[in-house]
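The following briefing concerns a structure with two protein chains under discussion. Please keep the sequence and the model in view while reading.

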Protein chains: 2
Amino acid sequence: MNHDDLTGMKHIIIIGGGFAGLNAAKQLGGCSGVSVSVIDRTNHHLFQPLLYQVAMAGLSPAEIAYPIRSLLAKYANIRVLLGNVTAVDLDAAEIKTDFGTVTYDYLILACGAKHSYFGHEEWEKYAPGLKTLAQATEMRRRVLTAYELAERETDQAERRKLLTFIVVGGGPTGVELAGSLGEISRHTLEKDFNRIDPATTRVVLIEGATRLLPSYDPSLSKRAQRDLEELGVTVWLERMVTDITPKGVRIGDEFIHAATVLWAAGVKPSSINETMEVERDAYGRIIVEPDLSLKDARNVFVVGDQAHATGRDGLPLPGLAPVAMQQGRHAARQILNDLRDKERRPFRYKDKGMMATIGRKKAVAQIGSWKVHGFTAWLMWLFVHIYYLIGFKNRFFVLYQWAWSYMTYQKGARLIVNKEWRSFNNEDV
Amino acid sequence: MNHDDLTGMKHIIIIGGGFAGLNAAKQLGGCSGVSVSVIDRTNHHLFQPLLYQVAMAGLSPAEIAYPIRSLLAKYANIRVLLGNVTAVDLDAAEIKTDFGTVTYDYLILACGAKHSYFGHEEWEKYAPGLKTLAQATEMRRRVLTAYELAERETDQAERRKLLTFIVVGGGPTGVELAGSLGEISRHTLEKDFNRIDPATTRVVLIEGATRLLPSYDPSLSKRAQRDLEELGVTVWLERMVTDITPKGVRIGDEFIHAATVLWAAGVKPSSINETMEVERDAYGRIIVEPDLSLKDARNVFVVGDQAHATGRDGLPLPGLAPVAMQQGRHAARQILNDLRDKERRPFRYKDKGMMATIGRKKAVAQIGSWKVHGFTAWLMWLFVHIYYLIGFKNRFFVLYQWAWSYMTYQKGARLIVNKEWRSFNNEDV
């Protein structure tokens, strides 16, 4: 693919339309002298902090996802392309995609992370992770189907297996999933099922470390655990999953029968990192210079979950939305500095804190040394997430959905939509 | 499966949670002496008249679907079971399901219809129909993906193929799909794409009869055609599709290259009809007695799209939601009449009319001999559909979505969610 039409303009490619890529693109939108291509393999920007709500039937996919194309439509110098990028050639300054090779003057890599099964990729089909909308609706399908099958099951042991939900990983996603499952079994489904008592549901949260939310202050870890336990969640700490099968989960010499296992245990950066000869950390993240560019390719920036950038304390910055947003904007600004013959500046993360919900009305939050929990933290969480959610319409819908389910204990999107849509056309009920 | 727990009660099985089944169940809810099982292969009641809105990215699945379980939760004598029914044994008074054999005292068959490809089932994968949520999101995926691929395509012929949409069948569904596609290409996507001009999109509606909407008054058929043509839709009448391939559609000696073909040409009743030795019409619908029961099994009722019941004019009743709703209630009432030693009554359809939208603000409607078109008909359509849509929350959401897209020309759910969710976990951008 050529860019003859853009002669004289600097061509900037941004790979990925997540928090980092979208913010980089917005920073460059409308700027003279630059032509921007945003490439993503999906057509939508996903508000990932609320993805667990889709998995738990609280929100519909369209309420937390918005076409990247629409979000950037007002910028005439940005084009959005649906595509898969398979490799980056730093020497030739070009990328390989499923629609050909594209050259760049500047490149911003914002491909994010995906699940890591620590070498046990075969576990994925029994324990899906939560990174995409399709994975979220798959989780939703599994959870809702387990209840439906339990309702018609007559065998006690089989029913117990169907009503056992295991969440692997006690980070924010694991805590949010387990809390929602506890809430659903205690309240949401209570009156809808005749033959099972959803309160007998077992929700087990398994974490390898000595406490939940290891990146939070220990007092909040303790609080989160207590709040989860109040929702009927069993928390197992310092336990490692050694096998996952269709029947359940093995933890050392114990085996729990469970029909539904959800994976929230680990992430690794996009495997595009492996197509480049660059310095990577133990997790596979690319180690970047203070300005977020590559040491041997100063026209290439790596931002968000894909990058290993260090904070003031010398530690790598965490994989949080605020980090990705700020890094995306920073990389874009450094390109503009180059074009305007200004000096590049190092990236400094402005701490926006971190928070996780527990069920329908509690949360834990930590902003610097300030720690909040309970309903206050949940209101903060609500405000922050509504505030950052893109598009007035979506914000309104989500707030309305929450108000609704807060008052009625009902869930907004309790749909089982079959993965294999075609199979239903050939069968009948 | 036994129903020992229900001794003394009459066990009524309703197969299908569509308009017919749901209304039958509601009629029986709370009635003494009856225990009801509603079996459906999905967990949701689907408001099918708005399904094309999901396919055309206007509404989210959860806005037109609601858990059957929740809709019937208030009735203690009804249980809802997710399951596939594979056969009906009239002599033994039992049904075969994927969770065992279940006996009944009364049976209401409300399984609906599915697509018919007139013996060309191999066309289905190139031309999906529109009966389930999964099919609707598949249609949405195809339409949105075609635009995305066209945006990055450099070859003119290939781009034209990607921007050609063919709708097969000029009944209400075909008219609604074609109208929406015309609207989308003329308005919705206009500003979002840089490199393609969505106004060059070709939308071709193919109908075998001499006019669109053959079941409507000819004046409305003409009006619908004119309105569609104003939206840029090409209407081909008296043309039969002779082949569908991945490249496009053959119509006699002509071949149109098209990446997207949507099937709205024919339906046939649920194939459960073939598991019973009963009288069927040429379309496979079961011919029922005036009270909607079977001649040789008076404890079995067949209602909705699955049944051939005749109206006052001696013609079979059309496959419309009001017919299904009234028939469901009627069948339930006849069972109650039996149990109360009252006489059964014949079914009389109370004509509620029929309507179809054309694009974002026009419609045609016919109620008895009264015919309406244009914006007035669209407002009627809006009112009727909002009124019948289940649940206050959904009604409100849908109205809000429509107001939004009416004002902004934006669509509410422009998401491409991949069919094969797992494929994305192994790849990268």
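In β16(A), Phe255(A) is the bridge partner of Arg250(A). The model is predicted, with local features requiring pLDDT of at least 70 and side-chain atom pairs counted only at pLDDT 80 or more, while totals for chains, interfaces and linings use all residues. Residues are numbered from 1 along each chain as its sequence is written, chains are lettered from A and ligands numbered from 1 in the order in which they are written, and side-chain values use heavy atoms, leaving out hydrogens and water.

**Hairpin in chain A**

- Strands β15 (residues 248-251) and β16 (residues 254-257) of chain A are joined by four bridges in the antiparallel sense; strands (E, at least two residues) and helices (H or I, at least four) are DSSP runs numbered from the N terminus, and two strands pair if DSSP finds at least two bridges between them.
- Two residues separate β15(A) from β16(A) in this hairpin, and Gly252(A) in the turn has a positive phi of about 60°.

**Parallel sheet in chain B**

- Four strands form an open sheet in the order β13-β12-β11-β17 (chain B), with parallel pairing.
- Its edge strands, each pairing on one side only, are β13 (233-236) and β17 (260-263) of chain B.
- The twist from one strand to the next averages 20°; axes are lines fitted to C-alpha atoms, for helices over the stretch in contact, and angles run from 0 to 180 degrees between N-to-C directions.
- Five bridges link β11 (residues 164-168) and β12 (residues 202-206) of chain B in the parallel sense, and Val168(B) has Ile206(B) in β12(B) as its bridge partner.
- Helix α7 (residues 172-188) of chain B packs on this sheet, where it touches β11, β12, β13 and β17 of chain B, and its direction makes about 170° with that of β12(B); contact means heavy atoms within 4.5 Å.
- Helix α8 (residues 218-230) of chain B lies across β12 and β13 of chain B, at about 140° to β13(B).

**Antiparallel sheet in chain B**

- Strand β7 (residues 94-97) of chain B is joined to β8(B) by four bridges, and Ile95(B) stands opposite Val102(B) in β8(B).

**Relation of the two chains**

**Cavities**

- The whole structure holds 16 cavities of 30 Å³ or more; a cavity is a set of points on a 1 Å grid over the protein atoms alone where a 1.4 Å probe fits but cannot get out, and lining residues have an atom within 4 Å of a point.
- The second largest cavity has a volume of about 240 Å³, a volume being the space filled by probe spheres set on the points, which are joined across faces, edges and corners.
- Of its 16 lining residues, Gln53(A), Arg360(A), Trp402(A), Ser405(A) and Lys411(A) are the closest to the centre of the second largest cavity.

Note on methods
On a 1 Å grid over the protein atoms alone, a cavity is a set of points where a 1.4 Å probe fits but cannot get out, and a pocket is an open set with protein on both sides within 12 Å along at least five of seven lines; lining residues have an atom within 4 Å of a point.
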